[in-house]
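Welcome! Here is a short briefing to read alongside the sequence and the 3D view.

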Amino acid sequence: MESKRASFEGALEALGVTVSTTTKSELEAAVTEAVTEPAVGIALDETVGDEAVSLTETPVTVDPTPVALREAATGVTGAELGVGDYGSLVLSMTETASELVSLFVERHVAILHEDDIKPDMDAAVAELDERFTETNGSAIIATGPSATADMGALVKGAHGAKEVHVIIVEEGA
Amino acid sequence: MATADELRELMRTEGAAIAENTQGFNAGRYDSVGDLEDYEALKQAARSIKEDAIAELPDLLDQLTETIEANGGTVYIADDAADANEYIRNVVDDRAADRVVKSKSMTSEEIEVNDALEADGVDVVETDLGEWVLQVADEAPSHIVAPAIHKSRESIAELFNERFDPDEPLETAEELTHFAREKLGEQIINAEVGLTGANFIAADTGTMALVTSEGNARKTVAATDTHVAVAGVEKVIPTVADLHPFIELIGRSGTGQDITSYVSLLTPPVDTPVVDFTDDETPLSEFDSDRDFHLVLIDNGRLDMRDDEHLRETLYCIRCSACSNSCANFQSVGGHAFGGETYSGGIATGWEAGIEGLDVAEEFNDLCTGCTRCVNACPVGIDIPWINTVVRDRINRGKDTPGDWLVDGLTPDEEDDGAPLQKRFFGNFETVAKLGSATAPVSNWLADTGVSRQVMERVLGIDPRRDLPAFERETLVDWAAARDSQVDDPERRAVLYPDLYTNHVQVERGKAAVKVLESLGVDVVVPPAPSSGRAPLSQGMVATATDHAERVTEALEPYTADGRDVVVIEPSDHAMFTREYERLLDESAFTDIAENSYEVFEYVFGLLDNGASIEALSTVAGAEIAYHSHCQQRTLGLEAHTVAVLEECGYDVVTSDVECCGMAGSFGYKSDYYELSMDVGDRLRTQLRDDGVQNRPVVASGTSCLEQIDALLERQPRHPIELLAT
C-alpha cells in the first residue's frame with residue numbers, strides 16, 4: 001500500500017504535479033488551499049467513495065455556467081484512479097461535465113481517494129477494461145500538465161491545464 | 001528520387017532543426033525504454049496483439065461495427081480516399097457545419113480531407129499546434145508525430161508575426177504557444193464538428209484511444225456535437241485490455257516520453273454535455289449530451305496489403321516514429337526527402353507502396369540503407385529493412401533491362417528483369433573484386449585515373465570524391481592456402497569466412513584474425529567461398545542474393561558438418577548469415593549456418609570465457625582507443641563483445657553512439673548520396689574529435705565504417721582484430 005502510494009507521489013513530483021494530503025473531514029480546507037480563484041468544480045459525491053463530500057465551504061462554484069467555466073482559473077474534479085508507476089490520473093467523463101471542468105482551465109485540482117491508487121498501468125487498464133465492458137464508459141489517462149514541443153521548446157500548458165494539483169484523501173484518520 | 005541538389009538544399013534549410021529534434025527523441029527513447037523492466041516482453045505482447053488482430057481483421061471489423069452501432073454511433077468502411085471524403089462531406093453538410101476542428105491524424109492527411117471540405121466552403125482548423133503551424137505556413141508535415149519538426153522557433157515566430165501581426169511581436173516558445181492556444185481555443189468552441197484520428201480501437205467495447213499531449217483532441221471532441229473519427233482499418237484490436245502494452249510503449253518509442261500527457265479512451269458517444277460556451281445562465285449539467293458519432297474506417301489499399309506476405313507487417317505499425325528518429329539518414333534530411341505522399345521514415349516505404357503505389361515509394365526508398373537500427377527500436381518488431389528491400393526489388397523489376405555493354409561482363413546475376421545499371425554494378429561487386437585482385441596493382445592504377453573516374457561517375461553514378469578500395473594481389477584465401485596450420489592439438493576448429501573485402505581488400509585483418517584464432521588454440525581453414533549476397537540484397541536484388549545464400553551454405557556445409565565453427569569478420573556478412581538468410585533460405589539451411597556462425601570478437605570472447613588465455617594475445621597496459629561498432633553488429637547485440645575483449649587486453653575504450661557512420665556499403669559511393677553520407681558521418685567525426693577522444697587511435701568493425709572514418713579523419717582506422725595479433 002505504502003509503496004504504490006510512494007511511487008505515485010514520486011512520479012507526480014517528477015511530472016511537476018504538486019500534491020497535498022487530507023482526510024474527508026478536512027477536504028474542504030485542502031481544496032480551499034489548493035485553488036486559485038475564480039474556481040469552478042463538479043459535485044464530488046459520485047467520485048469520492050460512498051460518503052457525500054461537498055464543496056460548500058470552499059470558494060469553488062459547483063456546476064458553473066459555460067461562461068463561468070471559461071473565466072475560471074481553477075477546475076476541481078475527482079479522479080477515478082491513480083496509476084502508481086506513471087503518476088497518471090484516470091479522469092472520468094460525466095454528464096456533469098467533469099471533462100470540461102478539468103480541461104478548459106489553467107489549473108486542474110484533482111481529488112483522489114488513496115484506495116484508488118493502482119500499482120501500475122497494467123492494473124489500471126485491466127480495471128478500465130472491466131468498467132468499460134460493463135458501462136460503455138470513457139476516461140482520460142492524464143499524466144502531468146498538457147504540454148507541447150511544437151513551438152521550438154517544451155512548453156507546459158498547451159490546450160489543457162498548465163498546472164495540476166492532486167489532493168489525496170486518506171482513509172480513516 | 002531526391003537529387004543531390006535537393007538533398008543539399010533540404011540539409012541546408014531544414015537539416016539543423018531536424019537533426020536536433022530527431023536525435024533528441026532518439027536519445028529520449030533509449031533513456032525511457034531503459035527504465036522499463038519488461039521492455040522486451042511488452043514489445044512481444046504488442047507484436048502478438050497486432051499479428052492476431054490483422055489475421056482476424058474481417059471478424060474484428062464486423063464485431064466493431066456491431067458494437068459501435070449498438071452504442072448509437074455509425075460505422076462507414078471506405079474503399080478509398082474519395083469514398084471516405086464523400087461520406088465525411090455529407091456528415092458535415094447534414095450538420096450544416098461552418099467549421100470543422102481537427103486533432104492530428106495522419107490518416108486524414110492520407111485522404112486529404114481538408115481539401116475536400118474546404119472545397120465545400122467549410123472552415124477546417126488544425127488544432128494540434130504543429131499541424132496548425134503547417135496549415136498557416138501551407139507546408140507538408142516532415143515527421144509523422146511532430147509534423148513541424150523541421151521548423152525552428154525563430155521561423156515560427158517570423159511566420160506568426162507576419163501573418164497575424166500581434167500587438168507585441170512573438171518571440172519565445174511560451175509566447176507562441178500561448179498565442180496559438182488563445183487563437184485556437186476560440187475557434188474550437190465555435191465549431192460544430194470535431195474530426196479526430198484514432199490510435200487504437202477496441203472491437204469489444206468500441207473504445208478508441210487517442211494519444212496526445214496538448215489536450216486538443218479532448219477539446220475537439222468535448223466542444224462539438226458531431227464527432228467524426230477517421231482511422232485505417234488496421235487500427236482495430238480485440239479488447240480494451242489489449243491497449244496496455246501500447247500505452248506503455250508508444251510515447252517512449254516515439255518522442256521518448258514515458259507516456260504522453262493524455263491518453264483519451266473514448267467510447268463514443270461520450271457523456272460530456274454539449275454546451276453553448278456563450279451561455280451565462282445554464283449550469284453545465286443541464287445541457288444534454290446529444291452527440292453524433294461517425295467512425296470512418298479507411299481501406300485504401302490496406303486489405304490488399306494484408307494479403308501481401310511482405311507488406312502485411314506494415315499494418316502492425318503504430319505510427320510511433322521510432323524508425324524515423326533512429327535512422328541516420330532521416331536525422332539529416334527529415335520527411336520532406338525521406339517520405340512519400342503522407343508517411344515518412346523507414347516504414348513509409350511499406351505504407352506508400354501499399355497505399356499510393358511503387359512509383360511513390362521509389363521517390364525515397366533508396367534512402368533506407370538497410371542498416372537495421374530501426375529494427376530493435378520498432379515496438380512491434382517490424383522488419384522495416386526487409387520491407388524496403390522487397391519494395392526496392394519490385395521497383396527494380398518494373399524497369400527496363402539496361403542492355404548496356406558494361407552489364408554483360410559485370411553482372412552475372414539472377415535478376416531476370418532489370419535492376420538499374422548502378423544497382424547491378426554494386427550488387428555484383430564480387431565480380432569487380434575478383435577482377436581487381438587478379439589484375440592488381442594495375443587495376444588500382446587504372447581505377448584511379450581521371451578518365452576512369454569520369455566514366456564511373458557518368459555511367460555508374462560513383463562519386464569522384466570517394467577513394468576507391470585498393471585490391472590486394474594476393475587474396476586471403478591464397479595466403480592461407482600457402483601456409484600450414486600452426487595448431488597441433490586444437491581446442492576448437494573453425495572455418496574463417498573470407499568475406500569479399502577481407503579476401504580482396506582488407507587482407508591484413510584476415511591474416512590477423514587467423515593468427516589470433518590460432519594463438520587461442522583454434523585450427524583455422526580459409527577455403528574459397530562465394531560472397532554473402534549482402535551487396536545484391538542492399539540493391540534490392542533479392543533473387544541474386546538468394547543465389548549467393550544458397551551457394552555460401554553449400555560451400556560452408558561440409559565444414560560445419562565436420563564440426564567447424566564459422567567465424568565471420570565483416571559484421572554485415574555475419575548479419576546476413578544470422579538474420580537476413582532466414583528470408584532467403586529454407587529453415588534447415590538457415591538454422592545450420594546461423595547457429596554455427598560467430599562474429600570474430602564474439603568468438604574470441606567465447607574462447608576467453610571458456611578458458612583460453614589472454615596472455616596468448618597482444619596486450620597493453622591501459623592504452624587509449626576509440627571504437628566504432630557497426631550498425632548491424634549493434635542490432636544483433638554484438639558490440640559489447642568487442643569492447644569486453646579489448647578491455648581484457650588492457651585497452652581503455654571509448655565507444656561512439658551514433659546510429660550509423662553514413663557509409664552503409666555502396667550508399668556513400670553514390671553521387672546522389674555522397675553529401676548526405678558525409679553529413680551523417682559528420683556526427684561520428686564530432687564524437688571522434690571530442691575532448692579525450694581526439695588523440696585516440698580508432699578501430700572499427702565494418703569495412704564501410706573503416707572507409708568512412710578514413711575519409712572523415714586524418715587518423716587511419718583499423719579493424720580491432722589487428723590489435724590482438726602478436
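Two strands count as paired if DSSP finds at least two bridges between them. By that rule, strand S9 (residues 139-142) of chain A and S9(B) pair in the antiparallel sense, over 4 bridges. Please keep in mind that this is a predicted model.

**Where the two chains meet**

- Chain B brings 64 residues to the contact, and chain A brings 54 residues.
- About 4,900 Å² of area is buried between chain B and chain A, and carbon and sulfur atoms give 61% of that area.
- On the chain B side, the residues that lose the most area to chain A are Arg181(B), Arg218(B) and Leu284(B), which together make up 15% of what that side buries.

**Polar links across the interface**

- The rule finds 32 residue pairs in polar contact across the interface of chain B and chain A, with both residues at pLDDT 80 or more.
- Several elements of chain B each supply at least two residues of the side that touches chain A: helix H8 (129-137), helix H9 (153-164), helix H10 (173-189), helix H11 (216-222), helix H12 (243-254) and strand S9 (262-266).
- H10(B) gives the largest share of that side, with 10 residues.
- Sorted by class, the side of chain B that touches chain A has 28 nonpolar, 19 polar and 17 charged residues.
- The rule also finds 4 salt bridges across the interface of chain B and chain A.
- A salt bridge joins the side chains of Arg70(A) and Glu186(B), at 3.2 Å from N to O.

**The strand pair up close**

- In the pairing of S9 of chain A with S9(B), which is antiparallel, Ile140(A) stands opposite Ser264(B).

**Cis peptide bonds**

- Most peptide bonds are trans.
- The bond from Glu37(A) to Pro38(A) is cis, with omega near -5 degrees.
- You will find Pro38(A) in the loop between helix H2 (27-34) and strand S2 (39-41) of chain A.
- In chain B, a cis peptide bond joins Pro268(B) and Pro269(B), with omega about -5 degrees.
- Pro269(B) sits in the loop between S9 and strand S10 (292-298) of chain B.

**Positive phi angles**

- Most residues other than glycine have a negative phi.
- Asn300(B) is not a glycine, yet its phi is positive, about 50 degrees.
- The loop between S10 and helix H13 (302-306) of chain B holds Asn300(B).
- Asn300(B) counts as buried because its relative accessible area is 12%, and the cut-off for buried is under 20%.
- Thr372(B) is not a glycine either, and its phi is positive at about 75 degrees.
- Look for Thr372(B) in the loop between helix H17 (358-362) and helix H18 (373-377) of chain B.
- With a relative accessibility of 3%, Thr372(B) is buried.

**Around Val375(B)**

- Which helix of chain B holds Val375(B)? Val375(B) lies in helix H18.
- Val375(B) has a relative accessible area of 13%, so this residue is buried.
- Leaving aside neighbours within four places in sequence, Val375(B) is in contact with Ile382(B), Asp383(B), Pro385(B), Arg579(B) and Thr635(B).
- Between Val375(B) and Asn596(B) there are 221 residues in sequence separation and 23 Å in space, C-alpha to C-alpha.

Technical notes: Residues numbered from 1 in each chain as written. Chains lettered and ligands numbered in written order. Predicted model: local features only at pLDDT ≥ 70, side-chain atom pairs only at ≥ 80, totals over all residues. Heavy atoms only, no water. Contact = heavy atoms within 4.5 Å. Buried area = accessible area lost by both parts, 1.4 Å probe. Polar contact = N/O pair within 3.5 Å; in protein donor to acceptor, adjacent residues only side chain to side chain. Nonpolar A, V, L, I, M, F, W, Y, C, P; charged D, E, K, R; others polar. Buried < 20%, exposed > 50% of the residue type's maximum accessible area, 1.4 Å probe, protein only.
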